[in-house]
Amino acid sequence: MADDEWQTAYEFAVQVARAAGAVIRKAGEDEIKIQTKSSTVDLVTQTDERVEKIIIGSLKEQFGEDTHCFIGEESVATGKPCILTDKPTWIIDPVDGTTNFVHGFPFVAVSIAFAVNKQLEFGVVYSCLEDKMYKARRGKGAFCDDEKLEVSDVKEIKKSIIISEHGTDRRPEVVSKIFSTMRRILCIPVHGLRGSGTAATNMCLVASGAVEAFFEIGIHCWDIAAGAVIVQEAGGILLDVDGGPFDLMSRRMVSANNTVIANRIIKEIEIFPVVRDDAEAAKE
Ligand code: IPD
Ligand code: CA
């Protein structure tokens with residue numbers, strides 16, 4: 001019974017993500033008014049807020065708000081709780097890659113994930129400027145449009161491309177650690193370092209086999225929840241940056257094609273502290 005129920009939800013999420021992406025594409029044609037959140041480089045636009053309202057509105061209309069919970073990037077920014085319970089929960093990033101959106105850099109994604117009993121059931125990432133629909137349901141494989149995704153089979157770190165991002169924390173001590181980690185990885189040496197500017201898309205690049213790994217400290221659950229299912233269903237793995245188990249709310253993640261690559265990168269990561277997404281809820 002639940003199996004069919006989640007299939008309907010999965011298909012609906014794909015439709016909602018596609019519609020949201022169309023709104024983002026259209027909004028990119030007009031003048032974009034920018035505001036900031038946690039720092040002067042943490043950008044938000046009316047489109048982020050509008051698209052989140054559209055997505056959550058559609059989901060509430062379809063599934064009700066008594067039994068389903070919602071964690072959305074912009075709702076959390078306005079003070080809504082960020083806590084994952086056992087209830088069916090939607091985890092939404094309406095515009096992943098807001099800085100890209102503002103600058104016209106061509107990677108912007110809508111990310112919608114769904115968890116039940118704290119387990120991710122499916123994830124949808126619509127890379128809306130490229131018009132690529134990435135999706136995966138637990139146990140049923142990962143796809144880009146109709147093409148089945150598989151991670152790369154590279155095991156030698158020296159033959160890999162690794163993605164990381166700089167995030168939005170510009171405190172010098174944090175930036176130093178990020179660049180020190182990148183320098184160490186680059187000098188292994190790897191074939192290259194990359195970054196699309198959207199965590200959700202980065203994870204889809206791991207799932208597609210275009211890169212071997214993506215890691216970041218400072219991402220949020222809404223950036224990576226959908227991508228997490230897509231990477232795992234494409235045969236990849238998720239770990240914490242210290243090699244421990246992946247924790248969606250910890251704001252730390254390594255996603256990779258295999259444990260050999262993941263553990264080799266982990267050796268080079270200089271960890272800095274971040275506040276968990278569910279820290280406020282944990283205090284209560
Ligand atoms: C950001 C992107 C970026 C990552 C940041 C995220 P946003 O999300 O995913 O790639 O480096 O950590 O906050 O702000 O564009 O939704
Ligand atoms: Ca995001």
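**View 1. Asp-223 and Asp-93 at the calcium ion (ligand 2)****.** Asp-223 is buried, with a relative accessible area of 8%; buried means under 20% relative accessible area, found with a 1.4 Å probe and protein chains only. Asp-93 is buried too, at 0%. This is a predicted model, in which local features need pLDDT of at least 70 and side-chain atom pairs count only at pLDDT 80 or more. Residues are numbered from 1 along each chain as its sequence is written.

The protein donors of the calcium ion (ligand 2) are Glu-73 (OE), Asp-93 (OD), Asp-96 (OD) and Asp-223 (OD), 1.9 to 3.2 Å away. Donors are N, O and S atoms within 2.8 Å of the metal (3.2 Å for Na, K and Ca), with water not among the atoms. Asp-93 in strand β4 (residues 89-96) and Asp-223 in helix α7 (residues 221-233) are 130 residues apart. Helices (H or I, at least four residues) and strands (E, at least two) are DSSP runs.

**View 2. The largest pocket****.** Its volume is about 1200 Å³. A pocket is an open set of points on a 1 Å grid, with protein on both sides within 12 Å along at least five of seven lines; lining residues have an atom within 4 Å of a point. Of the 46 lining residues, the closest to the centre are Asp-42, Gly-167, Thr-168, Glu-216 and Gly-218.

**View 3. The second largest pocket****.** About 480 Å³ of space lies here. Among the 18 lining residues, Ile-56, Lys-60, Phe-70, Ser-75 and Lys-80 are the closest to the centre. Helix α2 gives the largest share of the lining, 6 residues.

Methods: Chains are lettered from A and ligands numbered from 1 in the order in which they are written. Side-chain values use heavy atoms; hydrogens and water are left out. Buried means under 20% relative accessible area, exposed over 50%, partly exposed in between (1.4 Å probe, protein chains only). On a 1 Å grid over the protein atoms alone, a cavity is a set of points where a 1.4 Å probe fits but cannot get out, and a pocket is an open set with protein on both sides within 12 Å along at least five of seven lines; lining residues have an atom within 4 Å of a point. Grid points are joined across faces, edges and corners, and a volume is the space filled by probe spheres set on the points.
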